[in-house]
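Here are a few exercises to work through with the model open beside you. Try each task before reading its solution.

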Amino acid sequence: VSGILGKNVEPGMLNDHALARGLDCLSGIDRRQLAWDVSKRFELDFGIVSDILHLDQTKVRTFVIAPPEGPEGVPRPEYGLDKEGRTDFRLYTVNSMTDSAGVIRYIDTADGNAADPAMDVDAITFVLNNTDPERTVVVMDSKGANSEVVRLADEGGLAIVSKVPANFSS
């Protein structure tokens with residue numbers, strides 16, 4: 001334990017209370033930037049570099065009766081429509097990007113009613129602000145290829161690879 005977490009950390013210090021207090025510390029920070037910074041450190045330490053990012057979004061079911069109040073800005077699971085068409089579960093929406101080496105580069109969570117296009121715009125904006133768009137490619141499913149995402153990427157010089165839905169219009 002001390003070799004990984006530091007010489008002053010004893011195994012008995014690693015318990016649910018310590019984990020909860022550590023997670024409380026994370027509630028006020030930009031979790032998207034934290035994931036990005038950790039992945040950049042991974043690149044530096046291991047020399048695994050990829051400019052191809054894979055963006056996808058999913059809904060995650062929770063089995064909670066009533067979510068507790070949390071700090072401001074922390075998503076709460078809310079009733080929404082999941083991939084099976086059910087509305088009787090509270091959901092989180094998770095938008096994430098991995099690079100072609102499988103390293104998680106970006107992750108954002110929201111309540112289950114978050115709009116997919118809005119989360120994709122946020123993700124593309126994040127990529128534009130944190131990469132060299134001329135060297136970066138984002139691969140996404142056809143849900144992400146909406147006119148606002150395509151316009152934003154085009155204006156920023158970012159390449160996107162995606163199927164385009166039949167109803168797409170710019």
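## Exercise 1: The cavity lining

By class, 2 nonpolar, 3 polar and 4 charged residues make up the lining of the largest cavity in this predicted model.

**Task.** Find which residues line the largest cavity, and which strand gives the most to the lining.

**Solution.** 
- Step 1: Start with the cavity search, which finds 1 cavity of 30 Å³ or more in the structure. The volume of the largest cavity is about 40 Å³.
- Step 2: List the lining, which consists of Leu 55, Asp 56, Gln 57, Asn 95, Asp 120, Met 140, Asp 141, Lys 143 and Gly 144.
- Step 3: Look for the top contributor. Strand E1 (residues 52–62) gives the most, with 3 residues.

## Exercise 2: The setting of Arg 105

**Task.** Decide whether Arg 105 is buried or exposed, and find which side chain it joins in a polar contact of 3.1 Å.

**Solution.** 
- Step 1: Arg 105 belongs to strand E4 (residues 104–111).
- Step 2: Compare its relative accessibility with the cut-off. Arg 105 is at 2%, and buried means under 20%, so Arg 105 counts as buried.
- Step 3: Collect its contacts. Beyond the neighbours within four places in sequence, Arg 105 touches several residues, including Trp 36, Leu 53, Met 97 and Asp 99.
- Step 4: Pick out the polar partner. The side chain of Glu 43 makes the 3.1 Å polar contact with that of Arg 105.

## Exercise 3: Salt bridges

**Task.** How many salt bridges does a search of the whole structure find? Describe the pairs Arg 41 with Asp 45 and Arg 135 with Asp 51.

**Solution.** 
- Step 1: The search gives 7 salt bridges.
- Step 2: Take the pair within a helix. The side chains of Arg 41 and Asp 45 meet at 3.1 Å, N to O. Both residues lie in helix H3 (residues 31–46), 4 residues apart, about one turn of the helix. Arg 41 is exposed, with a relative accessible area of 52%, while Asp 45 is partly exposed at 46% relative accessibility.
- Step 3: Turn to the other pair. In the salt bridge of Arg 135 with Asp 51, the closest N and O atoms are 2.9 Å apart. This pair links distant parts of the chain, 84 residues apart: Arg 135 is in the loop between helix H4 (116–130) and strand E5 (137–140), and Asp 51 is in the loop between H3 and E1. Arg 135 counts as exposed at 53% relative accessibility, and Asp 51 as partly exposed at 26%.

Conventions
Residues numbered from 1 in each chain as written. Predicted model: local features only at pLDDT ≥ 70, side-chain atom pairs only at ≥ 80, totals over all residues. Heavy atoms only, no water. Helix = DSSP H or I, 4+ residues; strand = E, 2+ residues; numbered from the N terminus. Buried < 20%, exposed > 50% of the residue type's maximum accessible area, 1.4 Å probe, protein only. Polar contact = N/O pair within 3.5 Å; in protein donor to acceptor, adjacent residues only side chain to side chain. Contact = heavy atoms within 4.5 Å. 1 Å grid on protein atoms, 1.4 Å probe; cavity = no way out; pocket = protein on both sides within 12 Å on 5 of 7 lines; lining within 4 Å. Points joined across faces, edges and corners; volume = space filled by probe spheres on them. Nonpolar A, V, L, I, M, F, W, Y, C, P; charged D, E, K, R; others polar. Salt bridge = Lys/Arg side-chain N within 4 Å of Asp/Glu carboxyl O.
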